[in-house]
Amino acid sequence: MTSETTDSLTTTGGVARQYPLADRTTGNSTQRLGRRRDPVPSAVCRFSWAGSLHPDDGGTAFDMHLALPGRGTSTPARLAIDNWHRTRRYARIGATSSLPTGPIMTFTPASLRWLETILEERYGLDLTLSEENHALSLRLAGAEGSICFDTLQPEFHQSRSDFPCGSWDAAAEGFTPVLGEALPTPAMAELPTRMVEQVGQHDVVIHYDILGLTYWMLTRLEEVGRTDLDNHQRFPAISSHAYQHDYLERPIVDEWLDLLGQVIKKRWVGVELKQHEFSIKVSHDVDGPARYAFQDLKGLFRTMGGDVLVRKDFFSALKAPWLWLNSRQAIHPKDPANTFDWLMNQSEKNGLVSSFYFICGRTDPTKDAKYDPEMPQVRKLMREIHQRGHEIGLHPSYNTYNRPEEIAKEADRLRKVCAKEGIQQSEWGGRMHFLRWDQSVTQKAWADAGMSYDSTLGYADRPGFRCGTCFEYPAFDVASDQPLILRIRPLVAMDCTVIAGRYLGLGSTEASYEKFNVLKNNCRKVGGVFTLLWHNSFFSSPTDFDIYRRLVSEK
């Protein structure tokens with residue numbers, strides 16, 4: 001194939017790395033337009049090109065002459081379009097020679113199959129997805145017609161948060177928004193006259209990229225490679241698009257999938273969608289199973305000092321030595337952090353299963369636990385948890401989040417201890433210590449360690465829906481373009497996120513309960529799961545016990 005033409009290439013703000021440019025005359029290595037998250041000025045490049053196929057490039061390549069503004073005459077270059085099956089990126093060059101404004105991204109076959117799994121779990125239907133002419137078509141097996149998503153957003157294939165967000169009044173078009181409010185429209189500030197339209201007898205067009213939003217939120221692509229991290233190297237809520245546009249406390253993916261379900265029922269009349277019931281999952285990171293039991297003498301006196309000076313708890317300080325001496329084989333029931341029996345009682349009263357996640361390593365002595373899983377007190381505690389029908393899981397130590405071999409080692413250590421105690425479980429899950437998470441490394445490390453699920457993905461600094469959903473879902477690794485044998489169980493709220501002064505800071509108050517309850521009610525409205533993390537050691541007042549009791553008992 002050869003052809004000659006001249007046209008304009010426009011680059012716009014926030015463009016992800018897209019078009020490899022190599023100096024054809026010198027044979028220098030490929031030079032790329034660098035990835036940026038900050039807006040860059042628009043620029044227009046004049047170019048001429050002759051197309052030909054370069055198999056060594058893994059895709060199509062075109063010999064080009066580019067004239068960059070302010071750089072004088074054009075210089076020879078080669079535009080190589082990477083094999084998009086490998087890189088998930090491509091540029092469209094059609095019969096006309098115009099390149100679109102900004103990068104055109106695509107769904108890969110693997111990502112479409114994964115999205116089909118998400119839809120099957122949500123609706124219980126045999127639905128297929130295909131990309132045609134830069135639009136997605138959704139079809140139901142054995143039925144005529146399709147639902148087309150004709151406005152695919154490149155932002156949903158980029159790691160960035162600096163794009164606009166609008167709001168769509170679904171009720172004005174005859175739909176029922178599941179939260180009773182207008183739906184946020186990330187990446188779309190200016191809305192069409194109608195968002196959903198009938199086209200012909202059998203087809204419906206939705207002018208919003210619902211499945212692009214789903215992909216971007218569930219894969220946490222927004223976070224990949226980011227440098228705007230907090231002091232624990234975590235991507236914070238305040239950097240997220242959801243926080244910046246005030247939809248963090250809404251399960252936005254679930255809202256849009258509920259809307260899509262309404263469209264499916266209108267398009268294929270009589271079809272029955274899978275029904276989901278609201279539920280609660282409670283879990284407890286065991287950072288310290290006891291306040292005193294695992295301390296050395298120096299640590300004991302330091303903790304007693306904290307009782308007096310920080311917690312103003314003189315009575316606990318006085319009895320601390322006695323509790324310490326009487327916790328050699330089992331944690332004393334009067335230890336302030338030994339709330340395990342009470343937590344299990346609350347779950348059993350309300351038909352719930354508590355999950356207790358244990359630290360099994362020490363990669364930072366200042367932040368990790370003072371206990372080891374082999375200690376007799378811990379093994380006895382694990383036996384009691386298992387005998388009462390609750391779950392034991394892993395809480396990998398502080399510096400494991402980007403060290404897969406350490407996660408695997410600690411997972412094996414937990415399973416070995418449990419095997420010696422006769423503890424068998426159908427699944428093994430847990431949560432990262434301090435909620436430390438690197439999307440490009442951590443979830444694959446969990447899968448490679450043979451874990452069944454992870455429940456890390458909530459923010460430490462703000463409660464809400466980091467993944468945009470309160471439904472468990474299969475993990476997808478964007479880097480390798482593959483689904484993982486791992487379930488993601490999103491975390492909606494953590495005790496200290498709402499109560500502690502270093503985060504939201506509402507304190508042990510009714511305001512804290514109301515904040516938790518707003519999130520819980522939003523989970524209820526979409527038929528999802530309210531996933532609550534409450535540490536066994538985070539009960540500093542009777543109000544804390546009351547907040548927890550009310551949250552798990554009021555279904």
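Student: Before we look at the sheet, what makes two strands pair here?

Tutor: DSSP has to find at least two bridges between them. Strands are DSSP runs of E with at least two residues, helices are runs of H or I with at least four, and both are numbered from the N terminus. This is a predicted model, where local features need pLDDT of at least 70, side-chain atom pairs count only at pLDDT 80 or more, and totals for chains, interfaces and linings use all residues. Residues are numbered from 1 along each chain as its sequence is written, and side-chain values use heavy atoms, leaving out hydrogens and water.

Student: Great, so what's the strand order in the open sheet of five strands?

Tutor: The order is 7-8-9-13-12, with mixed pairing. Strand 7 (127-132) and strand 12 are at the edges with a single partner strand each, so one side of each has no neighbour in the sheet.

Student: How many bridges join strand 7 to strand 8?

Tutor: Six, and the two strands run antiparallel. Thr128, for example, has Arg139 in strand 8 as its bridge partner.

Student: And strand 9 with strand 13, parallel or antiparallel?

Tutor: Parallel, over four bridges, with Phe149 partnered by Ile206. Strand 12 pairs with strand 13 in the antiparallel sense. In their hairpin, Gly200 takes a positive phi near 70°.

Student: Switching topic: which residues touch the most other members of the largest nonpolar core?

Tutor: Ile147, Leu260, Ile264 and Phe358, out of 122 residues. Such a core is a set of buried (under 20% relative accessible area, 1.4 Å probe, protein chains only) Ala, Val, Leu, Ile, Met, Phe, Trp, Tyr and Cys residues joined through side-chain atoms within 4.5 Å.

Key. Buried < 20%, exposed > 50% of the residue type's maximum accessible area, 1.4 Å probe, protein only.
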